[in-house]
Amino acid sequence: MDILVMIVCAVISIGFLVFIHEGGHYLAARAFGVRVTEFMLGLPGPSIGFTKGETRYGVTAVPLGGYAKVCGMEAGPLQPHLQEVLASLYRRGTANMEDVARDCGISDDEAYNALEELVEWGSVIGPAKADQYNTYRAPRVAPTKRALKKAAAAGLPAPVSYELGQAREVADPHALYESEYRQQYRSLPFWKRSVILLAGIFMNLLFAMLVFIIVFSIIGFQVQHPETGEITTIHASVLQALQAGFMYIGMVIQAVAGLFNPATAAQTVSDSTSIVGIAVMSKDYFQAGLVEALEFMAMISVSLGIMNLLPIPPLDGGRFVVEIFQKGTRKTVSQKAMNYMSLAGMALFLGFFVIMLNQDIQRFVFGNWG
């Protein structure tokens, strides 16, 4: 029963913190007009949920972690022939890769690469499991109530609806392409891309600061008089609560920086914990009461935010460093180079995870805390 409680507490705490983190990316992307095709709680895989507009919301089979699929974040230069491939598929509605290649007078490989990039954009729906061939479809289009009202107010014809895979008229291929390209992350200027990348970290730190205000200023904290033993509740000012929050964030930054110092790296890893430790501690804090649970989630939220700021792909900080490099050198990092960097980063974190997991098993399972 204790194990079940630990799992539930861990899923609730981590799931909520990942939700607000990915929610930051989602809100920033939508604020800048960038398409987001998925907003999921859990690791990528089978999911249940619903679709509203162009975004599918839901929960995956493994409800740890989460992601917001912001379109157009792939590295490397644009594939050639995107404009003509997009127009060909929309005119057909549903087509095989070979059909599109013939329409555009390009090779099958060129058509495939362009179609796959358009799938990543959310402009095209990729092959389903039941498809026998490389079949692609134009997406379903359902005008929103706001778009319908806006067209009616302007005396314009109502926007046309299309079903998935339905052929549609393409009067101006370039205008269609530009309309789709403007909804991509890569079409934005540097500062807007930076806001999207750092929005998740901002949300985690913002949540933690709000918790500090709630706990220290609104709820208050208890202090025992050293002589009489009398317990009184003290309410700090909002400024004092914010100062306490910034001090804690600074402590976490200093601890994370210790990973890159050979003299302190081993101790920093030893003081850290894995998902097992978080699960055990979440159960203890949740059972201790609301205030303790809020404090615990604030601490984890700060750690999640600061860890994501590390300049290591595929973390947000790593992608931000890549953006700075591309801005400064005016060179585009290839998808191959990004994949290599991401693999190296994942290997590094996998190593840390294995070490911390072993520590937590020794501490919480065998009782070897030291």
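Reader: In the hairpin of E2 and E3, which residue takes a positive phi?

Author: A word on the source comes before the answer. This is a predicted model, in which local features need pLDDT of at least 70 and side-chain atom pairs count only at pLDDT 80 or more, while totals for chains, interfaces and linings use all residues. Residues are numbered from 1 along each chain as its sequence is written, and side-chain values use heavy atoms, with hydrogens and water left out. Most residues other than glycine have a negative phi, and most peptide bonds are trans. In this hairpin, Gly-53 takes a positive phi near 65°, and two residues stand between the strands. Helices (H or I, at least four residues) and strands (E, at least two) are DSSP runs, numbered from the N terminus.

Reader: In which sense do E2 and E3 pair, and over how many bridges?

Author: Two strands pair if DSSP finds at least two bridges between them. E2 and E3 are antiparallel, with six bridges; within this pairing, Thr-51 has Arg-56 of E3 as its bridge partner. E3 also pairs with E1, in the parallel sense over four bridges, and there Phe-39 is opposite Tyr-57 of E3.

Reader: Is E2 largely buried or in the open?

Author: Buried means under 20% relative accessible area, exposed over 50%, and partly exposed in between (1.4 Å probe, protein chains only). E2 lies largely in the open, because zero of its six residues are buried. In the protein chain as a whole, buried residues make up 40% of the 370 residues.

Reader: Is Ser-13 buried or exposed?

Author: Ser-13, in helix H1, is buried, with a relative accessible area of 2%. A polar atom of the Ser-13 side chain lies 2.9 Å from the backbone oxygen of Cys-9. Beyond four places in sequence, Ser-13 touches Ser-282, Phe-286, Phe-296 and Met-297. Between Ser-13 and Arg-56, which are 43 residues apart along the chain, the C-alpha separation is 23 Å.

Reader: What space lies in the second largest pocket?

Author: Rolling a probe the size of a water molecule over the atoms shows where empty space is left. On a 1 Å grid over the protein atoms alone, a pocket is an open set of points where a 1.4 Å probe fits, with protein on both sides within 12 Å along at least five of seven lines; lining residues have an atom within 4 Å of a point. Grid points are joined across faces, edges and corners, and a volume is the space filled by probe spheres set on the points. Here the second largest pocket holds about 1,800 Å³. It is lined by 43 residues, of which Arg-35, Gly-53, Glu-54, Gly-122 and Arg-140 are the closest to its centre.

Reader: How do the residues of that lining divide?

Author: Ala, Val, Leu, Ile, Met, Phe, Trp, Tyr, Cys and Pro count as nonpolar, Asp, Glu, Lys and Arg as charged, and the others, Gly among them, as polar. The lining has 20 nonpolar, 10 polar and 13 charged residues. Among the elements that each supply at least two of its residues are helix H1 (2–31), strand E1 (36–41) and helix H4 (108–121).

Reader: Where is His-81 found, and what is its phi?

Author: His-81 is in the loop between E4 and H2; its phi is near 70°, a positive value in a residue other than glycine. His-81 is partly exposed, at 23% relative accessible area. Arg-330, in the loop between H12 and helix H13 (335–365), also is not a glycine and has a positive phi of about 60°. Arg-330 is exposed, with a relative accessible area of 76%.

Reader: Which residues does a cis peptide bond join?

Author: Pro-313 and Pro-314 are joined by a cis peptide bond, with omega about 5°. Pro-314 belongs to the loop between helix H11 (290–308) and helix H12 (316–329).

How values were computed: Polar contact = N/O pair within 3.5 Å; in protein donor to acceptor, adjacent residues only side chain to side chain. Contact = heavy atoms within 4.5 Å.
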